[in-house]
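The structure comes next, then my notes.

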Amino acid sequence: MTEKKGYAGNGFVHVKNPHLALMDEDILYHLDLGTKTHNLPAMFGDIKFVCVGGSPNRMKAFAQFMHKELGFEGDGKDVKDICAGTDRYSMYKVGPVLSVSHGMGIPSISIMLHELIKLLHHAKCQGVTIIRIGTSGGLGIEPGSVVITDTALDSFFKPQFEQVILDNVVVRSTELDKDLAEELLNCSKEIHDFPTMTGHTMCTYDFYEGQGRLDGALCSFSSEKKLEYLKRAYNAGVRNIEMESTVFAAMCGLCGLKAAVVCVTLLNRLEGDQITVPHEVLLEYQRRPQQLISIFIKKRLGLYNQNKLLDNAFFLSN
Ligand SMILES: O=P(O)(O)O[C@@H]1C[C@H](O)[C@@H](CO)O1
Ligand SMILES: O=c1cc[nH]c(=O)[nH]1
């Protein structure tokens, strides 16, 4: 069975569940939010950009970075974790930007997305763009490169996500918003410090055996078999490998959210498995997708050139 994508005509976030309308209250358990305990439209109604990524610290750092980039008062260090009542996920709001962590892997991001999408729906948000800013393993490209996903593929290089529902397998499309990917690639032209490209992203259920690593606790294949698989992936257009893009693309597409995946690569998987780059370099790599998304958000808000002019004025007067 194959499901169709959502219609985003009116810009609202769709939930495709008839049971929700019959519920007196919706408790978003893993976010520690709810329709009776919180005024969701007041708290979140102005959200236009949602950025998600695996690590809570990265998403806090992104919120602090956006606080500065959008010119809010103060240093943003005291930005509050809206989900502090649970230690499952972290969530920060900076003006129209929501920054949310999702943990590692498909099950973890899928739970977060169910609740986040319902949150955006209950809050009556309109015209929301959602972007995953993550890390990944690169294929045949320089470590530190940023890949904007054009198509999210499964481990068989198919653009689909298989969701088991009861005892059925439902196949969902993993198509992402092409115009958004193009817009992001255009924004990347403003950055000259690292390469950014579009490419296919392969999404796996595991970091070790699932990504053809030889260094896990279990491994039953040879180095030759690993390279043969990774080279086939490269020839199929895969430029990076991570663990969330297919379900992210599928769920956002069905619910009418314009979505993109932007990941930095930490290593070239054709050259090794272990991540050997020093901690400081890893931190700098993780900031690269954030830099790109900041330019995108500022451009969308009409703040980009204004900031550039202010930067130039500051430079000239000093
Ligand atoms: O957003 P992150 O950096 O968590 O994405 C990738 C995929 C897995 O979640 C994790 C594996 O190290 O990194
Ligand atoms: O190799 C890598 C690096 C980061 N994240 C992944 O899923 N794989």
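Which residues does E115 touch, not counting residues up to four places away in sequence? I found L28, Y29, H30 and L31. I count a contact when heavy atoms lie within 4.5 Å.

Before going on, I note that this is a predicted model, where local features need pLDDT of at least 70, side-chain atom pairs count only at pLDDT 80 or more, and totals for chains, interfaces and linings use all residues. Residues are numbered from 1 along each chain as its sequence is written, chains are lettered from A and ligands numbered from 1 in the order in which they are written, and side-chain values use heavy atoms, with hydrogens and water left out.

**Entry: E115**

I placed E115 in helix α3, residues 106-122. Helices are DSSP runs (H or I, at least four residues), numbered from the N terminus. E115 is buried but has no salt bridge. Buried means under 20% relative accessible area, with a 1.4 Å probe and protein chains only. A salt bridge needs a side-chain nitrogen of Lys or Arg within 4 Å of a carboxyl oxygen of Asp or Glu. I looked for the nearest side chain of opposite charge and got K118, 6.1 Å away. Lys and Arg count as positive, Asp and Glu as negative; His and the chain ends are not counted. The E115 side chain does reach the backbone nitrogen of L31, at 3.2 Å.

**Entry: cysteines**

I searched the whole structure for disulfides and found zero. The cut-off is a pair of cysteine sulfur atoms within 2.5 Å. C83 counts as buried because its relative accessibility is 0%. For C255, the closest cysteine sulfur is in C252 at 7.4 Å, again too far for a bond. C255 has 12% relative accessibility, so C255 counts as buried.

I then checked C252, which lies in helix α6, residues 245-254. C252 is buried too, at 0% relative accessibility. Leaving aside neighbours within four places in sequence, C252 contacts I130, L257 and A259. H14 is 238 residues from C252 in sequence, yet their C-alpha atoms are 9.4 Å apart.

**Entry: ligand 2**

I listed the residues around ligand 2 (a heavy atom within 4 Å). They are T135, S136, G137, F207, Q211, R213, I241, E242, M243 and L267. Then I took the polar distances. A polar side-chain atom of R213 sits 2.6 Å from a ligand 2 oxygen. A ligand 2 nitrogen is 2.8 Å from a side-chain N or O atom of Q211. A polar backbone atom of G137 is 3.5 Å from an oxygen of ligand 2.

Notes. Helices (H or I, at least four residues) and strands (E, at least two) are DSSP runs, numbered from the N terminus. Buried means under 20% relative accessible area, exposed over 50%, partly exposed in between (1.4 Å probe, protein chains only). A polar contact is a pair of N or O atoms within 3.5 Å; within protein, one must be able to donate a hydrogen and the other to accept it, and residues adjacent in sequence count only if both atoms are side-chain atoms.
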